[in-house]
Each structure stands twice: as C-alpha cells, then as structure tokens.
Amino acid sequence: MDLIPREFFDRPSQEVAPDLLGCVLEHETAEGLVAVELTEVEAYAGETDPASHSYRGRTARNGVMFGPPGYAYVYFTYGMHFCVNVVCMPAGIPRAVLLRAGRVTAGEDLARRRRARWRSEASQESILPARDLARGPARLCQALAIDRTQNGLDVCSADGELRLRPADPGLRANGAIEVAVGPRVGVSAAADVPWRFWVAGDPTVSAYRLHKARVR
DNA sequence: TTGCCGATCTTCT
DNA sequence: GAAGATCGGCAAA
C-alpha cells in the first residue's frame, strides 16, 4: 500500500480536508499498529482565520504549521487532551487540517485498551461501542497513542511511525463517501465558516457542539 | 436527547 | 491571569 504523496498537502487546507475523508491514518508503536479511516476533518487557515492557532503568527507551539506540508502538528489542550493536524501549503504559509474522527480499521483491540478507562467493573469487558473509539479529535489521539512526541513527524514517510494512506479508490468511485459540510466544532471565532467536512451519515462522526465560554 | 459541569494545565496576553 | 480546535458524567426535560 502506498502513502499519500507530499504534493497532496501542498494546497489550501479547505481543499485538502474533504479529500482526506476515507484516507487512512496509522500509527505504529512497540505495542502494535492502529489505523483509522478518517470520517471527519476540519480546515484551518492562518492570518485570515481567527480560529486558527497561527492567526497571531508563529509561536513555540504552532511552529510546525509554518513548516513544509505533510507533517503532523500535535497540540495539547484543555489541560488533558491532544489533537492532530496535517500541515498544508509550502513552508512559511501556516495551514492545517484537524483530524477529528475516524473508524478503526486495524488494531481495534489495542485501541480499545488505550481507551480502557471505559470498562464495566464487573466483567472487565470494554463496554465502549466500536464507533466511539476514535469519535472526536482527542479520542482519535487516544486510540492511536498520539501525543507531544509525534509533533512534527512526517506522515509521508514509509519509515515513519505515523503514516497517511490514500482512500480506497473504490470507496470514492462508487459514491460510498458522500461529503457533508458545515461549521467547525467548538470554536468561538469564525464559527460560521463551513470548513468542517464529514462522511454523511457515518456513526463515527462526532456530535456538533457549539463553543461554550467557561466562567471561572 | 440536550445541556451543564468539572477536570486539568499549557499557552499567550 | 484567562481562555481553550475536549471529554465524560450526571441531571433535567
């Protein structure tokens, strides 16, 4: 199986995003391989997008977004969660696509163990439905064991531990992937921009949530 | 099924 | 010092 060529990512994130649906993200670790077929993504721009981490320029955190396309930008948020993006456009132009959800296609047992917090105490059997294993950006990272240490990895390298493979051509050809579009989830700024793309009707797509400002 | 709440800590103002 | 590209639990409807 081939990997997605770097040129695929060398264009605007809102063009790359819908084309990523059906593609397969896999992470190979000492524990084994877990792969997900992407069912939900969001595009983020740079200086023109107030919801983007790169809106206010380059910082220590978002540096990878300013690099060449085809690399993973992983960030930590809400004090406990990680999210993965794939960088788009040439170096110097900060664009990325957030990988929000997917369907586990390999290593389901391992993915389930990594999300093992959700078990029935009595049976020790996982009571988590398969569709919830990677249903949401932080859950997807949990299932694939993605954290800070994967930030900046090349997803176009066959030698890399984190890889992106093209969608099964059959899936798209026979219309099995119907792309739906809508506003992004959980963002307070530019909440009206329809840069969220998902596979219509797919149960692994996360629920839409309006951004809620928290009062402390 | 919807909606609020707390957890938890990094990043930037 | 405040807000955040979230998640899971629980109460209310």
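1. Strands here are DSSP runs of E with at least two residues, and helices are runs of H or I with at least four, both numbered from the N terminus. With that in hand, M89 sits in the loop between strand 4 and strand 5. Keep in mind that this is a predicted model.

2. Take a look at the backbone of M89: phi is positive, about 65°, although the residue is not a glycine. M89 counts as buried because its relative accessibility is 16%, and buried means under 20%.

3. A145 also has a positive phi without being a glycine, with a value near 55°. You'll find A145 in the loop between helix 3 and strand 6 (162-165). At 27% relative accessibility, A145 counts as partly exposed.

4. Now the largest pocket, which has a volume of about 1,400 Å³. Its lining takes in 48 residues, and those closest to the pocket centre are T77, Y78, C83, R100 and P137. By class, the lining has 25 nonpolar, 12 charged and 11 polar residues.

5. Where does that lining come from? Strand 2 (32-44), strand 3, strand 4, strand 5 (96-106) and helix 3 (137-144) each give at least two residues to the lining of the largest pocket. Helix 3 has the largest share, with five residues.

6. M80 lies in the loop between strand 3 (72-77) and strand 4 (81-87). M80 is exposed because its relative accessible area is 59%, and exposed means over 50%.

How values were computed. Residues numbered from 1 in each chain as written. Chains lettered and ligands numbered in written order. Predicted model: local features only at pLDDT ≥ 70, side-chain atom pairs only at ≥ 80, totals over all residues. Heavy atoms only, no water. Buried < 20%, exposed > 50% of the residue type's maximum accessible area, 1.4 Å probe, protein only. 1 Å grid on protein atoms, 1.4 Å probe; cavity = no way out; pocket = protein on both sides within 12 Å on 5 of 7 lines; lining within 4 Å. Points joined across faces, edges and corners; volume = space filled by probe spheres on them. Nonpolar A, V, L, I, M, F, W, Y, C, P; charged D, E, K, R; others polar.
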